[in-house]
Amino acid sequence: TVPYLEDPNTGRGMYESDDIINYLFDEYGPGRDEAPWLVREPFALWSCAFSALARGLKGGSRDARARPENEQREPVELWGYEGSPFVR
C-alpha cells in the first residue's frame, strides 16, 4: 500500500497521506497547524479522488501482468533532489 513513510531518524513508519503530512510538519516543520490548505483534508482527498477518476483509476490495483513474486520483495527507496528535472 502506498504511500508509506519510514523515518530512519525516529524509527517511525506510517501509512495514510494525512498522517504522513501531519508527522512531517510536526517532526521537521513548524507544526501541523502550519501545513498549507492544499495538502490537508478535505481538499487533498477530493483533488486526489478526481485525479484518480480522470485517469480511469489506474494504479489502484495490481496489474494483471505483474509478476506475483514482486509482492514478496522489499520496498525500493527512491532518492532525488528538488532541482532535478527528473524528480517530479
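With a relative accessibility of 48%, L38 counts as partly exposed. This residue sits in the loop between helix 1 and helix 2, and it makes a handy way into a model that, please keep in mind, is predicted. From the N terminus, the order of elements is β-β-α-α, and buried residues account for 12% of the 88 residues in the chain.

- Setting aside residues up to four places away in sequence, L38 touches F43 and A44.
- Why is L38 called partly exposed? Its 48% relative accessibility falls between the two cut-offs, since buried means under 20% and exposed means over 50%.

**Overall make-up**

- The chain has two helices and two strands.
- Its accessible surface comes to about 8000 Å², and carbon and sulfur atoms hold 56% of that.
- Of the contacts between residues at least 6 apart in sequence, 0% join residues at least 24 apart.

**The two strands**

- Strand 1 covers residues 4-7, and it pairs with strand 2, residues 12-15, in the antiparallel sense over four bridges.
- Two of the facing pairs can be named: Y4 stands opposite Y15 in strand 2, and D7 has R12 of strand 2 as its bridge partner.
- In a regular strand, side chains alternate between the two faces of the sheet.

**Helix 1 and its buried face**

- Helix 1 takes in residues 17-28, which makes 12 residues, and it reaches 16 Å from its first C-alpha to its last, close to the 16 Å expected at 1.5 Å a residue.
- Which residues of helix 1 are buried? They are I20, N22 and Y23.
- Viewed down the axis of helix 1, these buried residues fall within an arc of 165 degrees, so they line one face of the helix.
- As for what that face meets, the buried residues of helix 1 pack against strand 1 and strand 2.

**A closer look at N22**

- N22 belongs to helix 1, and its relative accessible area of 17% makes it buried, because the cut-off for buried is under 20%.
- What does N22 contact, leaving aside its neighbours within four places in sequence? The partners are R32 and R40.

**Helix 2 and the glycine after it**

- Helix 2 spans residues 43-54 and has 12 residues; the distance from its first C-alpha to its last is 16 Å, close to the 16 Å expected at 1.5 Å a residue.
- Just after helix 2 comes G56, with a positive phi of about 75 degrees.

- The chain has a mean pLDDT of 77, with 78% of its residues at 70 or more.
- Where is confidence lowest, and where is it highest? Helix 2 has the lowest value, a mean of 78, and strand 2 has the highest, at 87.

Terms used. Residues numbered from 1 in each chain as written. Predicted model: local features only at pLDDT ≥ 70, side-chain atom pairs only at ≥ 80, totals over all residues. Heavy atoms only, no water. Buried < 20%, exposed > 50% of the residue type's maximum accessible area, 1.4 Å probe, protein only. Pairing = 2+ DSSP bridges. Contact = heavy atoms within 4.5 Å. Areas by Shrake-Rupley, 256 points an atom, 1.4 Å probe, with all protein chains shown as cover. Expected span 1.5 Å × (residues − 1). Arc of directions from axis to C-beta. pLDDT = per-residue confidence, 0-100.
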